[in-house]
Amino acid sequence: MANKVWCWSPLSYLTQTDKNVGLIILNRPLHGSYEKLKALWKSASVRICVDGGANELYKVCKENENFDWIPQFITGDFDSIKEDILTYYKDKGTKIVHTPDQDYTDFTKAIWYLIENCDDQVSAVVVMVEFSGLLDQTIANINTLFQAANITEKPVILFAGDCLAFLLQPGKHSIDVSSGYEGLKCGLLPIGSKCDSVTTHGLKWNLTSHALQFGELISTSNAFDDSGVVELETSHPLVWTMEIKR
């Protein structure tokens, strides 16, 4: 395991034709991300709306006169889904899964359900989120990345309107940034604990055995060089985030 390199192509899910992705839609506006959602929907073999995410899916489908998208599952504690939306999808054949445990977010419980019931159908999990709005909900979504690492070894990638994020475990990583959908900025965030050492290649401002820690140095508003790949090695978990074109 010491020589293992995690290989990431996060934006390939916007163009791939293999249907092997687990798509999770959280309760966040989708009208500005319809084209991304369309691409991810095509890539998905399993599609889950989390509670009020079903409201947002219905809304964006109605706006675009698209009534073909029916999720296989709606999960959650159902404190935000509208009753008529729940009935609509239930009548269309969607399985309704009540997950009332309040010690975990509906998002975390959705990943649990996906992996426990559809693990052999997916090679990665992509999630429609948003990083605006309430700060505690944004942090909760990041916390789910850490919890997901204890649920599955498969990639879990958060797609927002203008950026994405995923968790890098300690070790070596290679991140493909040559798809053409990349924006200009990227960052490495030591959320949860200090990172004693990280070394990168492929960034405009590379790090060489640098320590990252809140209250001291963190890597934000970094950028890519022209190599098309970012290679890095980290001693501790880091959240990788990068801008994507709308």
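**Strand pairing, helix packing and local backbone features**

Strand 10 (residues 182–189) pairs with strand 15 in the antiparallel sense, over 5 bridges. Helices (H or I, at least four residues) and strands (E, at least two) are DSSP runs, numbered from the N terminus. Two strands count as paired if DSSP finds at least two bridges between them. The model is predicted: local features need pLDDT of at least 70, side-chain atom pairs count only at pLDDT 80 or more, and totals for chains, interfaces and linings use all residues. Residues are numbered from 1 along each chain as its sequence is written, and side-chain values use heavy atoms, with hydrogens and water left out.

Buried means under 20% relative accessible area, exposed means over 50%, and partly exposed lies in between (1.4 Å probe, protein chains only).

Strand 9 (residues 171–176) and strand 14 (residues 229–234) pair in the antiparallel sense over 6 bridges. S174 stands opposite E231 in strand 14. In a regular strand the side chains alternate between the two faces of the sheet.

Helix 1 (residues 34–43) is largely enclosed by the rest of the structure, because 7 of its 10 residues are buried. The buried residues are Y34, K36, L37, A39, L40, W41 and S43. Their cover includes strand 2 (21–25), strand 3, helix 2 (53–63), strand 6 (124–128), strand 7 (156–159) and strand 15. Contact here means heavy atoms within 4.5 Å.

C49 lies in strand 3 (residues 44–50). C49 is buried, with a relative accessible area of 0%. Leaving aside neighbours within four places in sequence, C49 is in contact with I25, A54, L57, P71, F73, I74 and T75. C49 and G76 are 27 residues apart in sequence, yet their C-alpha atoms are 8.7 Å apart in space.

Two helix pairs were examined. The axes of helix 2 and helix 3 (residues 83–91) come within 10 Å and cross at roughly 75°. Axes are lines fitted to C-alpha atoms, for helices over the stretch in contact, and angles run from 0 to 180 degrees between N-to-C directions. Helix 2 and helix 3 are therefore roughly perpendicular to each other. Angles under 35 degrees count as roughly parallel, over 145 as roughly antiparallel, 65 to 115 as roughly perpendicular and the rest as oblique. Helix 2 contributes A54, N55, L57 and Y58 to the contact, and helix 3 contributes I85, Y88 and Y89. By class, the contact of helix 2 with helix 3 has 6 nonpolar, 1 polar and no charged residues. Ala, Val, Leu, Ile, Met, Phe, Trp, Tyr, Cys and Pro count as nonpolar, Asp, Glu, Lys and Arg as charged, and the others, Gly among them, as polar.

Helix 4 (residues 106–118) and helix 5 (residues 135–148) pack at an angle of about 30°, with their axes 9 Å apart. Helix 4 and helix 5 are therefore roughly parallel to each other. Their crossing is right-handed. A crossing is right-handed if the near helix is turned clockwise from the far one by less than a right angle, and left-handed if anticlockwise. F107, T108 and I111 of helix 4 meet N141, T144, Q147 and A148 of helix 5. The residues of this contact divide into 3 nonpolar, 4 polar and no charged.

Two loop residues carry a positive phi. Most residues other than glycine have a negative phi. Phi of F78 is near 65°. F78 sits in the loop between strand 4 (73–76) and helix 3. F78 is partly exposed, with a relative accessible area of 23%. Phi of S209 is near 55°. S209 belongs to the loop between strand 11 (195–201) and strand 12. S209 is partly exposed, at a relative accessible area of 48%.
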